[in-house]
Amino acid sequence: MLEGMTFLFPWLLGAVAVLPVLWWLLRAMPPRPKTVKFPAFFLLKDIETKRKTAARAPWWLLLLRVLAALLFILAFAEPVLHPAPPVFSSTEGDVLIAFDNGWASASHWQARIAKLDDMLEQIRRSGRPVIVIPTAPSAQDGHVRMYGPMEAAQAMKWAERLAPQPWPTDPAKAAALVGKIEKKKRPGYAVLFSDGITPDALDSRDLLKNMNAVVTDSRVNDPVILRHGEDARYCIERLHAMKHPETVTVAAYTAGGDIVDETRVVFPAGDKNKCFTWNILPEVRNKIARLSVSGVNMASAVFLTNTQWKKRPVGIISATAARETRDFLSGAYYIRRALEPEDQIAVGSLADLFKKREAVLVWPDSAALTMPEKEELRHWVDQGGFLIRFSGPNLAAHSDDDPLLPVPLRSGARAMQGAMTWEKPLHLAPILAQSPLYGLPASPDTTVTRQVLADPTPGLFAKTWLQLADGTPLITGSRMDKGTLVLVHTTAGPSWSNFCYSGLYVAALRRMVDLSNGITDYRAQTTLPPLALMDGFGHLAPPDDNAIVRHIAPHGNFFPSPQTPPGLYGSALDFSAFNLGDALLPVQPLGNIPASATVETYGKTGGHDLKTVLLKWAVLLLLADTLATFRLRGLMALMALFLAVTPAYAAAPTPADLVSGLFLAYIKTGDAAVDHLSRDGLEGLGEEITLRTAAQVKGVVGVDPDKDNLAYYPMIYWPMTSAEPDLDRRAAANIQNYINQGGLILFDTRDGQFNGATSTPGLRALRRLTRDIDIPALAPVGKNDILTKSFYLLHDFPGQYDSGTLWTEKDPSPLHDGVTSVLIGGDDWAAAWTEDNGDRARYPVQPGGEAQREMAYRFGINLLMVALTGNYKADQIHTPYILKRLGQ
Amino acid sequence: MSKDTDRLARAGKIAGNLDLLLRAERVAHAVMKGVHGRRRTGTGETFWQFRPWAPGDARRDIDWRQTAKRGGFDSAVEHGGVFIREMEWEAAQTAWLWRDASASMDFGIKKEYAETLLLALGIVLLNGGEQTGLLGSGLAPQTGVAAVERIFAALPAQKEMTEGARPVAAFSHVILIGDFYAPLEDVRDFCARLAARHVTGTLVQVFDPAEKDLPYKGRVRFEDIEGIDAADIAQVEAIRDVYARKFAAHQAALDEMARRSGWRFESFSTAVKPETALAQLCGVLGTHA
């Protein structure tokens with residue numbers, strides 16, 4: 001292995017000659033003996049010792065020191081293993097570097113830049129000029145440009161500003177540029193730093209044929225594309241098939257950058273594509289600003305959401321909810337079917353729906369409303385509501401005095417194809433460009449047999465969203481103060497037309513629901529200005545003033561380019577997202593590299609520097625020498641003392657420790673952040689318990705239900721996280737045993753901020769993790785529960801949040817003296833209990849502030865008291881009666 | 001700030017010292033449980049025993065009550081079963097305490113041990129009604145159990161082995177606690193001077209186990225306590241036996257010296273529990289007094 005080793009400063013090796021002298025010197029100087037101050041010295045003074053000669057340093061100590069010196073000499077001679085072949089010193093002329101900096105190059109960008117620096121350093125040593133061509137169009141002018149010829153040192157400076165661009169490379173233009181340079185003056189050496197993909201085989205071949213070397217590496221060239229399909233379908237695409245299955249985490253972020261949900265996808269071995277369904281809770285979904293593949297800093301792995309992406313809860317007004325939605329003839333059924341996959345639907349009476357605060361109300365004609373109700377609805381629309389009203393016999397009969405119409409109607413309905421008419425059913429006219437529904441797919445088969453007719457007033461055309469072939473409006477809409485009122489001039493169900501069977505029906509309803517938020521003008525915007533643009537790593541930033549970025553047309557095809565980079569376009573209230581991942585074609589790995597080109601990897605070529613390794617060993621030897629000297633001088637006790645003062649909590653408590661005192665426990669979830677929070681929280685709580693009560697908490701232990709005996713702990717805190725893997729049978733049995741034996745587990749779903757939602761990540765984790773555990777029937781903690789008075793008198797049990805509901809066993813087993821073994825809540829208590837080193841709280845508590853934190857501590861103390869004393873305090877409640885009886 | 005830390009340091013020191021006093025009290029009480037007065041008839045106030053009357057006893061010494069209970073003139077007992085009440089012998093003696101405060105005591109727990117022993121001894125003596133003083137401190141001999149705190153307070157003032165401002169009266173008892181590593185002559189002179197005045201005394205040597213056993217190994221450099229002189233011993237194991245003999249010889253010399261003045265010599269390793277040491281000392285003092 002040493003044949004490839006050279007020294008940068010070989011003359012330093014001459015210092016090795018000094019080593020024998022060093023040996024002799026060290027041998028002559030023995031280590032200092034142990035010194036003792038001795039009071040009875042006068043007795044010792046006169047004792048003759050037989051061996052008067054000074055002891056020598058032991059041979060192994062000498063060897064240690066000389067070896068350390070040798071290593072130092074070797075290290076400073078700077079040995080380099082396998083130095084780079086001196087390519088650049090053998091040929092003449094410029095060095096041409098083509099550097100792929102398109103979207104795919106964001107994958108392991110640091111490795112690319114390191115390799116580039118490495119190569120520029122070699123070029124610098126050979127003293128040759130360098131030309132660099134980034135193959136992606138420049139963000140300044142949209143052209144592929146060449147930089148140089150310049151000095152390598154200058155190029156290194158220039159390379160610091162190089163960044164991946166969120167659009168594809170243009171190999172054809174780059175090839176043309178290379179061709180131009182070839183014609184002028186042939187460069188001595190050309191190398192391509194490839195991103196590993198080929199958008200077009202022909203273009204890339206032109207570029208490749210001029211190259212002496214191609215740097216490509218499947219480890220570095222590992223782009224990830226996140227595509228959003230229909231509804232909740234997402235696909236992850238990669239360049240190379242994986243050899244082993246790999247778990248990929250996709251996280252959903254709010255605009256503030258907080259993770260609100262995440263999902264794990266197992267990327268199977270041998271596949272380049274993986275599609276998955278991810279149903280996000282509607283309340284959460286509304287908050288999401290971006291989805292991205294965790295650990296991948298690439299624009300292509302980010303999916304931005306737009307304002308229209310947000311789901312709006314929709315209410316369907318119905319007098320008889322149960323019957324309406326199951327009846328194929330009722331309008332509510334079709335409305336529900338159209339909207340249900342995307343949106344949250346509620347069906348109920350107007351009063352119920354008002355309570356639920358829906359964004360959109362749909363009013364099929366079958367639900368008859370009283371006049372006060374209509375007035376109330378009108379008021380709701382004025383306040384910013386969006387009402388979609390369908391026609392039918394009711395409206396046709398009572399259209400005269402109706403306050404909820406966008407356009408005045410003629411009384412009665414117009415019927416075609418009736419027994420008394422000879423008119424044919426009418427088809428739909430093409431959608432007008434001014435209509436908010438413009439751009440939806442046409443529906444040529446739709447026919448309308450009955451409709452309510454609008455009075456042909458002057459403003460009618462502007463309010464018409466959809467027309468029949470004869471020009472009569474089918475859908476009209478109008479703004480009412482802050483809100484919007486839309487009238488469909490036929491029924492929601494099939495009785496007046498087959499509109500409800502068409503794709504347009506679904507698309508139009510969805511478009512209308514989308515419109516329900518913040519759109520000020522029906523007129524579809526023709527172009528959208530850039531609002532925030534993505535860089536190559538997927539970070540959003542406001543656009544530069546002098547950038548060449550154009551306005552972009554909505555609903556058009558999107559091609560990422562310097563003129564239209566991916567990002568958000570529109571206004572802050574209403575923007576559309578244009579995502580790189582959705583716009584990219586499937587990627588192909590770079591093939592047909594010409595045989596004349598050598599293939600390099602992104603690994604370091606500059607030789608393996610042994611200096612640091614040698615220095616490290618030399619220092620280690622010196623450390624060993626110090627230790628040995630300490631030992632010889634009897635100062636080991638000093639070392640032991642030093643080791644003893646290092647924190648003792650590093651060691652896990654032994655079972656003997658555990659039985660000697662009170663320890664709080666939490667379940668280790670495998671998510672380091674959550675575990676850390678649990679530990680900190682319980683430590684904070686333990687401090688308060690020790691301070692305020694007779695219970696002395698000795699420590700906090702993280703337990704693994706798979707391995708650890710849980711019997712030592714009076715109570716266990718179990719935060720729910722999707723990161724925790726499923727419990728195996730042994731772990732489940734262990735926990736079951738703990739519950740059966742009367743232990744107390746506090747399950748914390750940590751989702752109190754969603755207040756009452758039914759499918760949060762925490763609840764999902766809870767369901768998943770407790771699948772094999774027999775949890776008894778639950779009920780909310782009652783007013784007289786022991787938990788409300790075991791130490792403090794409490795009414796509620798807040799943590800970081802105050803969602804209010806804490807669940808306990810409905811009928812606790814008499815075997816446990818009627819004390820619950822399970823408590824389930826979602827208020828993230830650990831976060832409220834956490835203190836930093838200065839005893840200050842570390843996480844804000846909402847909404848109650850410090851008073852709520854105090855309550856959180858009190859809850860924790862009550863909880864421990866229940867765990868320790870059971871129903872003792874419940875008995876105490878009878879004290880007055882007992883005393884009374886004793887008195888008599 | 002600095003004032004506060006000063007005060008804190010002082011408080012800590014006082015607490016540490018009080019700790020010493022408490023320990024001494026504990027030691028003393030452990031021993032006092034087993035000591036019951038002088039076990040000798042005398043003119044004290046404590047009841048000692050009843051005994052049958054014998055010719056020569058004063059009439060006022062007869063305990064009539066006891067006689068009525070146990071004896072009786074009709075009994076066949078000699079002298080008519082009359083009982084005499086005897087009180088315990090009590091004679092206040094003056095005891096002077098001294099402990100070595102020199103640097104050589106700062107080895108292991110020697111100094112602390114010596115002070116504990118001194119204070120415990122003080123408590124026992126005061127409890128027994130003796131006048132107890134602190135040699136060379138300027139403190140007059142004290143009586144009453146509470147005086148131990150005054151002795152404790154005066155302890156830092158006591159340094160050299162001298163009589164100081166208050167000379168030792170004749171027929172007092174002097175208890176010297178230290179390691180006696182000083183030249184033998186100094187101790188001898190002091191003892192002889194006192195012995196000439198009919199002062200009795202006890203030398204109590206306190207030593208660290210290491211000073212006796214020399215438990216070091218290999219090459220060790222020994223320095224005297226002032227750090228002036230040093231000896232480099234290449235192989236401590238080799239001289240261990242020689243040293244042990246020299247140590248024993250030194251102790252024997254001290255014992256011999258004490259005996260010659262009519263004094264006693266006792267020696268305790270700090271490994272011995274102070275309670276044990278105190279009990280032994282009390283035994284010695286009891287026979288002496």
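**Exercise 1. Pairing across the two chains**

Which strand of chain B is joined to strand 2 (residues 34–37) of chain A, how many bridges join them, and do the two run parallel or antiparallel? Describe also the side of chain B that touches chain A.

*Solution.* The model is predicted.

Step 1. Strand 2 of chain A is joined by four bridges to strand 7 of chain B, and the two strands run parallel. Within this pairing, Val36(A) stands opposite Phe222(B).

Step 2. The contact as a whole draws 19 residues from chain A and 27 residues from chain B. On the side of chain B that touches chain A, at least two residues each come from strand 7 (220–223), strand 8 (230–233) and helix 7 (236–260). Helix 7 of chain B gives the largest share, seven residues.

Step 3. Sorted by class, this side of chain B has 14 nonpolar, four polar and nine charged residues.

**Exercise 2. Two helices in chain B**

Determine how helix 3 (residues 110–127) of chain B is placed against helix 4 (residues 147–154) of chain B.

*Solution.*

Step 1. The axes of helix 3 and helix 4 of chain B come within 9 Å and cross at roughly 150°. Because angles over 145 degrees count as roughly antiparallel, helix 3 of chain B is roughly antiparallel to helix 4 of chain B.

Step 2. The crossing of helix 3 of chain B with helix 4 of chain B is right-handed.

Step 3. From helix 3 of chain B, Leu119(B), Gly122(B), Ile123(B) and Leu126(B) meet Ala147(B), Val148(B), Ile151(B) and Phe152(B) of helix 4 of chain B. Seven residues of this contact are nonpolar, one is polar and none is charged.

**Exercise 3. Two helices in chain A**

Carry out the analysis for helix 11 (residues 331–339) and helix 16 (residues 503–515) of chain A.

*Solution.*

Step 1. The axes of helix 11 and helix 16 of chain A are 9 Å apart, and the packing angle is about 70°. Since 65 to 115 degrees counts as roughly perpendicular, helix 11 of chain A is roughly perpendicular to helix 16 of chain A.

Step 2. Helix 11 of chain A contributes Ile335(A), Ala338(A) and Leu339(A), which meet Tyr505(A), Val506(A), Leu509(A), Arg510(A) and Val513(A) in helix 16 of chain A. The contact has seven nonpolar residues, no polar residues and one charged residue.

**Exercise 4. An open sheet and a hairpin**

Describe the sheet with the strand order 9-10-13 in chain A, and then the pairing of strand 11 with strand 12 of chain A.

*Solution.*

Step 1. Three strands make up this open sheet, with antiparallel pairing. Strand 9 (224–228) and strand 13 (273–277) of chain A each have a single partner strand, so each is an edge strand with one side lacking a neighbour in the sheet. On average, neighbouring strands are turned by 20° against each other, direction ignored.

Step 2. Five bridges link strand 9 of chain A to strand 10 (residues 233–238) of chain A in the antiparallel sense; here Ile225(A) stands opposite Glu237(A).

Step 3. Strand 11 (residues 246–254) and strand 12 (residues 259–267) of chain A run antiparallel and are joined by eight bridges. Ala252(A) stands opposite Asp261(A). The two strands form a hairpin with four residues between them, and Gly257(A) in the turn has a positive phi of about 95°.

**Exercise 5. An enclosed strand**

Why is strand 33 (residues 662–667) of chain A described as largely enclosed by the rest of the structure?

*Solution.*

Step 1. Five of the six residues of strand 33 of chain A are buried, so the strand is largely enclosed.

Step 2. Strand 33 of chain A runs parallel to strand 34 (residues 697–703) of chain A, and six bridges join the two. Leu664(A) has Val700(A) as its bridge partner in strand 34 of chain A.

Technical notes
Residues numbered from 1 in each chain as written. Chains lettered and ligands numbered in written order. Predicted model: local features only at pLDDT ≥ 70, side-chain atom pairs only at ≥ 80, totals over all residues. Pairing = 2+ DSSP bridges. Axes fitted to C-alpha atoms, helices over the stretch in contact; angles between N-to-C directions. Parallel < 35°, antiparallel > 145°, perpendicular 65-115°, else oblique. Left-handed = near helix turned anticlockwise from the far one by under 90°. Contact = placed C-beta atoms within 7 Å. Nonpolar A, V, L, I, M, F, W, Y, C, P; charged D, E, K, R; others polar. Buried ≥ 20, exposed ≤ 12 C-beta atoms within 10 Å, placed from the backbone.
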